[in-house]
Amino acid sequence: MTNSRTLFTIQSPTNASFSSHFTLKKPSKLLSYKKLTFRVLCSSQPSKPPQDSNLISTLVSIIRIIPDWADKIQEGGMRKKRSLYNHETWVQHRSSLRHIRHLFSSLNSRVILSLIPPVIAFTSFAFVIASYNSAVSMHWLPKFFPVLRASPQPYQLTAPALALLLVFRTEASYSRFEAGKKAWTKVIAGTNDFARQVIGCVDKRDAVLKEALLQYIMAFPVALKCHITYGSDIASDLKNLLEADDLAVVLSSKHRPRCVIGFISQSLQSLNLEGTKLSQLDSKISCFHEGIGVCEQLVGIPIPLSYTRLTSRFLVLWHLTLPIILWDDCHWIVVPATFISAASLFCIEEVGVLIEEPFPMLALDELCHRVRDNIQEAMANEKQIQERLNSKRKRRFSEHSPNGWPTL
């Protein structure tokens with residue numbers, strides 16, 4: 001009796017469907033093998049991404065449509081160029097029709113447009129609270145649902161605290177705006193004075209260096225403006241003030257205002273000046289360094305973040321509980337009351353946040369253009385003024401009295 005045994009061989013899978021080939025071999029009397037092949041298919045479906053995450057991301061993107069739109073308008077307004085006031089602008093500014101003009105231009109105000117997301121959110125929340133309380137009062141909900149109401153005494157106690165918080169927040173922001181305005185006043189005045197002394201102290205022997213030095217002096221306010229404001233194109237602003245080689249050096253520098261100061265310092269050392277005049281001119285550079293320090297401090301160090309966060313949290317909690325506090329006295333009027341309160345208080349807080357960064361609020365582009373025009377006019381008038389003074393001097397010495405002596 002032949003002892004038969006079964007041999008199993010497993011071949012490695014040859015396709016991507018995880019199929020395996022099992023061959024069953026059984027020896028026969030004639031030593032011939034009959035192959036029985038079984039193919040087992042293990043089909044695996046690719047795992048589908050969870051739909052919950054896609055749904056959440058879609059909802060978040062829909063919710064962020066209005067806030068992103070408001071932020072885009074606000075940032076576009078921050079990059080808008082300001083203009084200096086003149087007599088006609090001041091007349092329009094104090095006109096008796098200014099209130100009507102400001103009212104009809106409300107939809108163009110970036111402050112008001114930036115308030116649309118929080119005001120809509122809190123007004124909608126007040127509408128939900130009013131709807132819920134009305135449903136409970138009309139017995140549309142089971143009896144165990146309470147009416148959301150509270151005593152107004154906590155609001156009467158905390159209202160002065162909120163008012164003081166908003167006043168101090170706005171006052172702190174305005175102090176930063178005032179500091180930025182004073183810093184740029186010193187920079188502009190120092191630039192004009194520096195250029196005046198260069199025009200008066202440097203003689204004709206250094207005419208080429210003198211012109212280059214005045215170009216560097218005019219370029220400093222522009223470099224500082226581009227250094228502290230977002231979205232400035234320093235290459236286009238300086239292309240008419242500096243030569244191509246000098247502009248390439250400034251653009252490759254990490255700190256462009258200090259690079260311009262380096263050009264000024266090296267130019268002063270190359271001039272043929274007495275030690276006293278050179279020291280006098282070199283002392284004017286300290287005004288530029290002081291302006292850089294103040295501007296960088298205002299840009300890099302905001303109002304303490306704890307103060308800003310406290311104001312924001314106070315306002316949010318105040319308006320979340322306002323419909324509950326006013327329900328007994330106002331009922332459905334809590335919806336417009338919340339709208340008016342949120343629009344008013346958040347507007348004050350928004351103004352404080354906007355002027356906290358002072359430089360987008362200042363007419364820096366026009367100030368730089370005015371400095372350049374003043375210096376270029378002084379350079380153009382220098383030759384004419386010298387010619388007039390020389391002619392007066394010659395005419396005075398050529399006039400003589402009848403006795404032969406010059407007139408006094």
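Tutor: What follows is a set of questions about terms, each answered with a value and a cut-off.

Tutor: This is a predicted model, in which local features need pLDDT of at least 70 and side-chain atom pairs count only at pLDDT 80 or more, while totals for chains, interfaces and linings use all residues. Residues are numbered from 1 along each chain as its sequence is written, and side-chain values use heavy atoms, with hydrogens and water left out.

Student: What makes up the secondary structure of the protein?

Tutor: The secondary structure comes to 16 helices and three strands, where helices (H or I, at least four residues) and strands (E, at least two) are DSSP runs numbered from the N terminus.

Student: Why is α6 called roughly antiparallel to α15?

Tutor: The axes of helix α6 (residues 116–137) and helix α15 (residues 334–354) come within 9 Å and cross at roughly 155 degrees. Angles under 35 degrees count as roughly parallel, over 145 as roughly antiparallel, 65 to 115 as roughly perpendicular and the rest as oblique, so α6 is roughly antiparallel to α15. The axes themselves are lines fitted to C-alpha atoms, for helices over the stretch in contact, and the angles run from 0 to 180 degrees between N-to-C directions.

Student: Which residues make the contact between α6 and α15, and how do they divide by class?

Tutor: Contact means heavy atoms within 4.5 Å, and on the α6 side the residues include Val 119, Phe 122 and Ala 126, while those on the α15 side include Thr 338, Phe 339 and Ala 342. The residues of this contact divide into 11 nonpolar, two polar and no charged, given that Ala, Val, Leu, Ile, Met, Phe, Trp, Tyr, Cys and Pro count as nonpolar, Asp, Glu, Lys and Arg as charged, and the others, Gly among them, as polar.

Student: How do you know that the span of helix α11 is close to the one expected?

Tutor: Helix α11 (residues 256–270) has 15 residues and reaches 21 Å from its first C-alpha to its last, close to the 21 Å expected at 1.5 Å a residue; the expected span is 1.5 Å times one less than the number of residues.

Student: What is the relation of α11 to α13, parallel or antiparallel?

Tutor: The axes of α11 and α13 come within 11 Å and cross at roughly 175 degrees, which means that α11 is roughly antiparallel to α13. By class, their contact has seven nonpolar, two polar and two charged residues.

Student: Why does Gln 215 count as buried?

Tutor: Buried means under 20% relative accessible area, exposed over 50%, and partly exposed in between (1.4 Å probe, protein chains only), and because Gln 215 has 19% relative accessibility, Gln 215 counts as buried. Gln 215 is found in helix α8 and touches Leu 241 and Leu 242, not counting residues up to four places away in sequence.

Student: What makes Thr 170 and Glu 366 partly exposed?

Tutor: Thr 170, in helix α7, has 22% relative accessibility and therefore counts as partly exposed. Glu 366, in helix α16 (residues 364–398), is partly exposed because its relative accessible area is 27%. Glu 366 and Arg 82 are 284 residues apart in sequence and 7.6 Å apart in space, C-alpha to C-alpha, and leaving aside its neighbours within four places in sequence, Glu 366 is in contact with Arg 82, Ser 83 and Leu 84.
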